[in-house]
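Here is a short report on one chain. Read it alongside the sequence and the model.

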Amino acid sequence: MPKEINRTKPIARKQHKCNFCGGIIEKGEMYDNATLEFDGSVYTWKSHLHCLNIASEIDDYDGEGITEDDFATWINEYVYDNHFDDEIDDISKEWQDKSIPELAKMISDELYKKEV
């Protein structure tokens with residue numbers, strides 16, 4: 001399991017790549033910036049805040065952390081499990097043809113939407 005050395009939530013001064021979904025963290029967007037150590041190597045892991053929230057739902061990884069591939073697999077399984085339309089025998093139209101970053105945002109909105 002990666003050991004957390006430091007974690008901040010800065011505002012991006014330039015574009016970064018989200019290490020979970022592979023999408024772009026836009027300039028001006030708050031993001032998670034974690035410095036981690038694993039097997040003697042220190043590295044930085046940057047992610048959208050909504051991707052970090054989703055990653056906290058993923059508890060079936062092997063203790064070595066959640067990779068971009070693990071994240072994409074979980075996203076695709078979530079969409080299939082929660083948005084399969086029996087009438088068309090396929091994923092619901094509004095969830096089709098979306099990238100992993102787009103689906104991650106849609107799932108986050110669905111899971112963490114605030115009740116008004």
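Asn33 counts as buried because its relative accessibility is 19%. Buried means under 20% relative accessible area, exposed over 50%, and partly exposed in between (1.4 Å probe, protein chains only). Asn33 is found in strand E4. Leaving out residues up to four places away in sequence, Asn33 touches Asn6, Arg7, Thr8, Pro10, Thr44, Trp45 and Lys46. Contact means heavy atoms within 4.5 Å.

This is a predicted model: local features need pLDDT of at least 70, side-chain atom pairs count only at pLDDT 80 or more, and totals for chains, interfaces and linings use all residues. Residues are numbered from 1 along each chain as its sequence is written, and side-chain values use heavy atoms, with hydrogens and water left out.

**Overall layout**

The chain has three helices and seven strands. Helices (H or I, at least four residues) and strands (E, at least two) are DSSP runs, numbered from the N terminus. From the N terminus on, the order is β-β-β-β-β-α-α-β-β-α. The C-alpha atoms fill a box of roughly 50 × 35 × 30 Å along the principal axes. Of the 116 residues, 33% count as buried. Among contacts with a separation of 6 or more, 51% come from residues 24 or more positions apart. The chain exposes about 7,600 Å², and carbon and sulfur atoms supply 45% of that area. Accessible areas come from the Shrake-Rupley method with a 1.4 Å probe; for residues, only the protein chains shown count as cover.

Strand E4 spans residues 31–38. Two strands pair if DSSP finds at least two bridges between them. The pairings of E4 are as follows.

| Pair | Sense | Bridges |
|---|---|---|
| E1 (residues 3–8) and E4 | antiparallel | five bridges |
| E4 and E5 (residues 41–48) | antiparallel | eight bridges |

On the E5 pairing, Asp32 has Ser47 as its bridge partner. E4 and E5 form a hairpin with two residues between them. In the turn, Asp39 has a positive phi of about 50°.

Asp32 also lies in E4. Is Asp32 buried or exposed? Asp32 is buried, because its relative accessible area is 0%. Two polar contacts involve its side chain. One of 2.4 Å joins the side chains of Asp32 and Arg7. Another, of 2.6 Å, joins those of Asp32 and Lys9. A polar contact is a pair of N or O atoms within 3.5 Å; within protein, one must be able to donate a hydrogen and the other to accept it, and residues adjacent in sequence count only if both atoms are side-chain atoms. Not counting residues up to four places away in sequence, Asp32 touches Arg7, Thr8, Lys9, Trp45, Lys46, Ser47, Leu49 and Leu52.

**Helix H2**

H2 has 16 residues, which should span 22 Å at 1.5 Å a residue; its end C-alpha atoms are 22 Å apart, which agrees. The expected span is 1.5 Å times one less than the number of residues. Which residues of H2 are buried? They are Phe71, Trp74, Ile75, Tyr78, Val79 and His83. Seen down the axis of H2, these buried residues fall within an arc of 135°, so they line one face of the helix. The arc is that of the directions from the helix axis to the C-beta atoms. An α-helix has 3.6 residues a turn, so residues three or four places apart point the same way.

Cover for the buried residues of H2 includes H1, strand E6 (84–85), strand E7 (90–91) and H3. On the other side of H2, Asp69 and Asp81 are exposed. Asp81 counts as exposed because its relative accessibility is 62%. Asp81 and Phe20 are 61 residues apart in sequence and 20 Å apart in space, C-alpha to C-alpha.

H3 (residues 100–112) has 13 residues. From its first C-alpha to its last, H3 reaches 18 Å, close to the 18 Å expected at 1.5 Å a residue. Its buried residues are Ile100, Leu103, Ala104, Ile107 and Ser108. Seen down the axis of H3, they fall within an arc of 140°, so they line one face of the helix. They pack against helix H1 (49–55) and helix H2 (68–83).

Asn53 lies in H1. At 36% relative accessibility, Asn53 counts as partly exposed. Asn53 and Ala104 are 51 residues apart in sequence and 10.0 Å apart in space, C-alpha to C-alpha.
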